Amino acid sequence: VSEINTGFVGQEMCKRDSKIAESKIAQKIPYVLKAEESKTYAWCACGRSENQPFCEGSHAVTDLRPVIVNIEEEKNVAWCGCKQSQNKPYCDGTHSKL
């Protein structure tokens, strides 16, 4: 975590971190979409993308990076929407416990 500003607010020292380390929950259900054969996808890990479940660069304010997935054959994929899955980028049902 890098520091961008250290100063005083009243009598207390104020320190702000430049990067966010935790994912934001985009939605509490998976994104079930048809993935195309021989295509590479960048799954949003930070939850901030306006193009969910895929990355569009919003992670720049975080320490998180997208998960790159190569799909070999056309199939339906349940992409994790809550960003808490233990099987990222795929849904593992964790959203049902949030």
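Tutor: The model is predicted, and the protein chain has an average pLDDT of 85, with 82% of the residues scoring at least 70. Residues 1-16 stay under 50 in pLDDT, and the model has 19 contacts beyond four places in sequence for them.

The structure holds four aromatic pairs. One of them joins Tyr-41 and Trp-79 in a tilted arrangement, with 5.7 Å from centre to centre and 50° between the planes. Because Tyr-41 belongs to strand β4 and Trp-79 to strand β6, this pair ties together parts that are 38 residues apart in sequence. Tyr-41 has a relative accessible area of 8% and is therefore buried; Trp-79, at 0% relative accessibility, is buried as well. Trp-79 also pairs with Tyr-90, and here the rings are stacked, 5.9 Å centre to centre with 25° between the planes. This pair links distant parts of the chain, since Tyr-90 is in the segment after β6, eleven residues from Trp-79 in strand β6. Tyr-90 counts as partly exposed, at 28% relative accessibility. Together with Phe-54, the residues Tyr-41, Trp-79 and Tyr-90 form one aromatic cluster.

Ser-49 is found in the loop between β4 and β5, and its relative accessible area of 7% makes it buried. A polar atom of the Ser-49 side chain lies 2.6 Å from the backbone oxygen of Phe-54. A polar atom of the Ser-49 side chain also lies 2.9 Å from the backbone nitrogen of Asn-51.

Most residues other than glycine have a negative phi, and most peptide bonds are trans. The bond between Gln-52 and Pro-53, however, is cis, with omega of about 5°; Pro-53 lies in the loop between β4 (39-43) and β5 (67-71). A cis peptide bond also runs from Lys-88 to Pro-89, where omega is near 15°, and Pro-89 is in the segment after β6 (75-79).

Two residues with positive phi may be set side by side. Ser-38, which is not a glycine, has a positive phi of about 55° and is placed in the loop between β3 and β4. At 60% relative accessibility, Ser-38 counts as exposed. Lys-83, likewise a residue other than glycine, has a positive phi near 70° and is found in the segment after β6. Lys-83 counts as buried, at 1% relative accessibility.

Lys-83 in turn is touched by Lys-24, whose place is in the loop between β2 (12-17) and β3 (31-35). Lys-24 is partly exposed, because its relative accessibility is 45%. Not counting residues up to four places away in sequence, Lys-24 also touches Cys-46, Gly-47, Arg-48 and Cys-82. The C-alpha atoms of Lys-24 and Cys-46 are separated by 5.9 Å, although the two residues are 22 residues apart along the chain.

Methods: Residues numbered from 1 in each chain as written. Predicted model: local features only at pLDDT ≥ 70, side-chain atom pairs only at ≥ 80, totals over all residues. Heavy atoms only, no water. Helix = DSSP H or I, 4+ residues; strand = E, 2+ residues; numbered from the N terminus. Buried < 20%, exposed > 50% of the residue type's maximum accessible area, 1.4 Å probe, protein only. Contact = heavy atoms within 4.5 Å. pLDDT = per-residue confidence, 0-100. Polar contact = N/O pair within 3.5 Å; in protein donor to acceptor, adjacent residues only side chain to side chain. Phe/Tyr/Trp six-rings, centres within 6.5 Å; stacked < 30°, edge-to-face > 60°.
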